[in-house]
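Here is a quick walk through one protein model. Have a look at it first, then read on.

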Amino acid sequence: MWAQRARVLGWLLLLQAVPRAAGARPCSPKYFGRDSMVCVCNATYCDTLDPVVLPSPGTYVKYESSKAGKRLERSEGSFQRSLRAPGLLLTLNISVLYQHVKGFGGSLSDAAALNILGLSQPAQDNLLQSYFSENGIEYNLVRVPMACSDFSVRPYSYDDVPYDYELKHFKLAEEDVKMKIPILHRVLAMAKRPLSLYASPWTSPAWMKSNEDVRGKGTLKGQAGDKYHKTWANYFIKFLDEYTKHNLTFWAVTAQNEPLAALLAHPQFPTIAFTAVQQRDFVAQDLGPALAQSSHSTRLIIMDDQRIHLPAWAKVVLGNATAARYVAGVGVHWYLDSIVPASCSLEATHKLFPNHFLLYTEACSGFLTYRFSVSLGCWERGDRYSHSILTVLNHFVAGWTDWNLALDLQGGPNWVKNYVDSPIIVDSSKDVFYKQPMFYHMGHFSKFIPEGSRRVGLHSSRWCLFCQLEHVALLRPDGTIVLVVLNRSAWDVPFGISDPAVGFIEAVAPASSIQTYLWRRQ
């Protein structure tokens, strides 16, 4: 009898431990070393999340991922009237309002499209739903390369007929028509949130470049205002026109992917080099007017390069009144972030140009590592994603875009062998894909912080030398508070949360973990 009661009690305790969102499917784990865990998906199974259901007033919901193995695990709790001895206390202050959020997402490169389409149709659906559906992490930003990037299987442009200044031979590539466009239609059909697409060019046709090659270091021939620059500006419009014929519209374009990449890149890397002065003049005389006179309401993002160039790049381009009126924001890549603090670059730029948004447009792990471009299950790579997102959100950035949505086990394909890592790695030979810690770290932001959310004040009662807690608080358009807490240390950190309108939460951030809290403010 006692044994039977013990079994019943055990089942009750187990049921209490299961998150209430019982429809969600758990991770199917696979380990690559002791702490390196991925979640395995295939044609018949993939872990899922339920749509976010807001808790009743006076309670909160928490999602947690950890190096110990949790992946966006949901639980609920109640606010208290007081705390016993909180030590570290995070206090919300919604009277202090900062930047609005645009969103979070990834890039549909040729390589990403090839890897996605290398899976069976049901596995493809599971991958796309993981990123874009209510049962996934609900990305709302998608960056699309204009023609080839290095993450293509070949160098190409949309008009390789020499000196076709009227772009009569402009034509989308098979990579667009057969791969990227069909995927984007599928994504739009499954996403509940509005998606914002933005495009970035790597290179012009060879006949427009000083080196006469799509590959390698070259500048646009001539100077701003001439036939080469007018043609290049109209190339953007042609791209938007052709995608519109496929019922796809773009929220924005960037003026050039990494205009100073020629300084650091592989000699075969597809690029056009621009200085800030050259970009200013191109925007003011060519690209800005072309977009303004077109039928498209597409916005323009400048720089699209490392933050070491800020605020100097913004001063040159946005300091010019003619150029500035065509520009909506500044794009930033994460690769050299460790060289210059966010306060000296991002925040300084925001203070100078508060009406132009800052958006992180590219990031990835595994770059410049010759042995481990892909490191399956590496928690630290996800941890670095969250550290970056938290840092830049706290310095006026409006959103964060990952690089390739999916890569193969080598970190490609990439025709210059510039292999890197991705939140999702595809093994098409087994018709499986692996969701890495980076994927779940992204989800702690993308799923819970919709477009239109606004960063609010969050005061920490004391600076914690050894606990390494990082955090941000936001007010969603529906009035819900989102608080993200990252613990990068190797030990648990107790802390408290105070919302003067609701009460207190007594919390613990486990070692090597990330948590997202949501609650209503009555």
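Leaving aside its neighbours within four places in sequence, which residues is Ser512 in contact with? They are Ser65, Ser66, Lys67, Trp379, Asn487 and Ser489, where contact means heavy atoms within 4.5 Å. You'll find Ser512 in the loop between strand 21 (503-509) and strand 22 (513-520). Its relative accessibility is 14%, so Ser512 counts as buried (under 20% relative accessible area, with exposed over 50% and partly exposed in between, using a 1.4 Å probe and protein chains only).

A word on what you're looking at: this is a predicted model, where local features need pLDDT of at least 70, side-chain atom pairs count only at pLDDT 80 or more, and totals for chains, interfaces and linings use all residues. Residues are numbered from 1 along each chain as its sequence is written, and side-chain values use heavy atoms, with hydrogens and water left out.

As for pLDDT, the predictor's confidence in each residue from 0 to 100, the protein's mean is 93, and 93% of its residues reach 70 or more. Residues 1-22 are another story: their pLDDT is below 50, and this stretch has 7 contacts in the model beyond near neighbours in sequence. Where pLDDT is low, the predicted coordinates should not be read in detail.

Now for the inside. The largest nonpolar core has 133 residues, and Leu127, Phe239 and Trp400 have the most contacts inside it. Such a core is a set of buried Ala, Val, Leu, Ile, Met, Phe, Trp, Tyr and Cys residues joined through side-chain atoms within 4.5 Å. Helix 5 (residues 227-245) gives the most to this core, with 9 residues. Beyond four places in sequence, Phe239 touches Met146, Tyr158, Phe170, Leu172, Ala199 and Phe250.

Two helix pairs are worth a look. Helices (H or I, at least four residues) and strands (E, at least two) are DSSP runs, numbered from the N terminus. Axes are lines fitted to C-alpha atoms, for helices over the stretch in contact, and angles run from 0 to 180 degrees between N-to-C directions.

| Helix pair | Angle | Axes |
|---|---|---|
| helix 10 (residues 379-393) and helix 11 (residues 437-446) | roughly 25 degrees | within 7 Å |
| helix 5 and helix 6 (residues 276-293) | about 30 degrees | 9 Å apart |

That makes helix 10 roughly parallel to helix 11, and helix 5 roughly parallel to helix 6 (angles under 35 degrees count as roughly parallel, over 145 as roughly antiparallel, 65 to 115 as roughly perpendicular and the rest as oblique).
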